Amino acid sequence: MRIAPENIWGNAVSHSLNYKETPDNVVTLPQTDSRPSGMDKLKITGGHRLKGDIRISGAKNAALKHMCAALLTDQPLQLGNMPATLGDVKTLSQLLEHIGVTVGLREDGVAVLQAKNIMSHVAPYDLVRKMRASVIVLGPLLARHGVAEVSLPGGCAIGTRPVDLHIMALKAMGADIDIEAGYIKAKAPKGGLKGAEIIFPKVSVGATENLMMAATLAKGETVLKNAAREPEIVDQGMALIAMGAKIEGLGTPEIRIQGVSALQGATHDVVPDRIETGTYMCAVGLAGGEVRLRHTRTDFLSALIAPLQLAGVEITSEGDDVLVRRQDSHLKGVDIMTEPYPGFATDLQAQFMAMLTMCQGAGMVTETVFENRFMHVPELCRMGADITVHGHSALVRGVSHLKGAEVMATDLRASVALVLAGLVADGETYVNRIYHLERGYENIVSKLGAVGAQVERCAG
Ligand code: EPZ
């Protein structure tokens, strides 16, 4: 049975597109800030409770994959609720343009992408090294064009992050793949990729997405077992179905894809960003106050909401809004452990830890998804937090005060955790290299400013 969009996502809307629309009439977003600004810092003056509304953006980690799906058809793919100003969206646009995709990003969050012709099958090192998600072009390029060369992304700040599962699974579909000079050089067999049964030895978001896209144009059926179940994957699947793909089992560990000979254009609204939503929930938990998060959902955040409520944060769903409140109660210490969805998201671990620094008692944070995702710990400790790391676990003993300091992290979520700590720290906190935050948080300065936080951008 096919899963109907309305059975899964209240907010995600997708349907076939009337092809009179073309990217030609789409205005490309102007650079919001033309000076080299990645080294700018954020100055946060702590001590303000939060009150007001924040509108949640479309999910970065869904948007990037939808953009890659444009490679699967020569017709236009129109995306709504796009986080169009994010650094990662701009980086991927550059890569897709290099490959031959016309990318139109509009200020109102509409993007139209069209890959009429594939001009290059190479994703060069210079572009891939800026953003690991670039490896997701491999599956669609191979499926549509039959050949792809994608630079190996290399390690990153949170772990070694290999792409062996992507390669193993594409080989199972008949691809001939060699690693040469730092590049994954892949060729589909004559007649195209073939459907296969793929059992992932480990749950991988990116490998599931890459293979799901590759399988849409393969000959026959592909079964992905031990597939990732993240809401962004379901959202991607819904967009692919709108493009004519035949996919069943989205949101379950077994996804079945029947290959079709061609996909068509479609229009699709990107699912709200659950990680941005969760980040602002932790911000309210830490700083106190009452904030309405608009245009989002709570159903995909159960694993965060349960421990937040245990810690003393009130969360109420009102249609597309979520009301988050912590009045005068003290936060209690709670233990969490990250896991693939539906477990506690690794992308919210640093923010939850920042919140725990001011709890009564202690909380244990265990990271099981990435091997090196505690880089925020020494920086939080520089602000006065009391955290001890043992292997994959960190024991956070609550303190009564944090103190402002100059801090820095080389990962998006670690950086935002430092911003949250700055909201309650005495005095001023400077979070260096705003570049990391701008990769994944739209308008963070104005969003936090709108709820009463004192955050400003200054030259680095
Ligand atoms: C996605 O990364 C997200 N990125 C990450 O978000 C997120 O932290 C991660 O999923 C887990 O939820 C995007 O969607 C762009 P994985 P991905 O493949 O797909 C290992 C953020 O802050 N692995 O699910 O790269 C890997 O090393 C970012 O927004 C292999 O061993 O993650 C990791 O330990 C950071 N071999 C685990 O699996 C492989 O071939 C899960 O990684 C692939 C992965």
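How many disulfides does the count come to? In this predicted model, the count comes to zero disulfides. The legends below describe several close-up views.

**Figure 1. Cysteine residues in a model with zero disulfides.** The view includes Cys-381, whose closest cysteine sulfur belongs to Cys-359. The two sulfur atoms lie 13 Å apart, which is too far for a bond, because a disulfide requires sulfur atoms within 2.5 Å. Cys-381 is partly exposed, with a relative accessible area of 30%. Cys-68, in turn, is buried, and its relative accessible area is 1%.

**Figure 2. A salt bridge between Glu-428 and Lys-43.** Side chains of opposite charge can pair when their charged atoms come close. Here the side chains of Glu-428 and Lys-43 meet with an N to O distance of 3.9 Å. The pair links distant parts of the chain, since 385 residues separate the two partners. Glu-428 belongs to strand β24 (residues 428-431), and Lys-43 belongs to strand β2 (residues 41-45). Glu-428 is partly exposed at 37% relative accessible area. Lys-43, at 19% relative accessibility, counts as buried, because the term applies to values under 20%.

**Figure 3. A salt bridge between Arg-256 and Glu-254.** The closest N and O atoms of this pair are 3.0 Å apart. Arg-256 is partly exposed, with a relative accessible area of 30%, and Glu-254 is partly exposed with a relative accessible area of 30%. Elsewhere, salt bridges that share partners join Asp-40, Glu-438 and Arg-457 into one network. A search of the whole structure finds 24 salt bridges.

**Figure 4. Strands β9 and β10 and the loop between them.** Strand β9 and strand β10 (residues 183-187) run antiparallel and are joined by five bridges. Asp-178 stands opposite Lys-185 in β10. The side chain of Lys-185 meets that of Glu-180 in a salt bridge, with an N to O distance of 3.5 Å. Glu-180 is partly exposed at 39% relative accessibility, and Lys-185 is partly exposed at 27%. Ala-181 is found in the loop between β9 and β10. The phi of Ala-181 is near 50 degrees, a positive value in a residue other than glycine. Ala-181 counts as exposed, at 77% relative accessibility.

**Figure 5. Backbone geometry at Pro-342 and His-295.** Most residues other than glycine have a negative phi, and most peptide bonds are trans. The peptide bond from Tyr-341 to Pro-342 is cis, with omega near 10 degrees. Pro-342 is placed in the loop between β19 (336-337) and α11 (349-356). His-295 has a positive phi of about 60 degrees although it is not a glycine. This histidine, His-295, is found in the loop between β16 (289-294) and α10 (302-311), and His-295 is partly exposed at 27% relative accessibility.

Figure 6. Over residues 1-36, the pLDDT is below 50. Beyond near neighbours in sequence, this stretch has 78 contacts in the model.

Note on methods: Residues are numbered from 1 along each chain as its sequence is written. This is a predicted model: local features need pLDDT of at least 70, side-chain atom pairs count only at pLDDT 80 or more; totals for chains, interfaces and linings use all residues. Side-chain values use heavy atoms; hydrogens and water are left out. A salt bridge is a side-chain nitrogen of Lys or Arg within 4 Å of a carboxyl oxygen of Asp or Glu. Helices (H or I, at least four residues) and strands (E, at least two) are DSSP runs, numbered from the N terminus. Buried means under 20% relative accessible area, exposed over 50%, partly exposed in between (1.4 Å probe, protein chains only). Two strands pair if DSSP finds at least two bridges between them. pLDDT is the predictor's confidence in each residue, from 0 to 100. Contact means heavy atoms within 4.5 Å.
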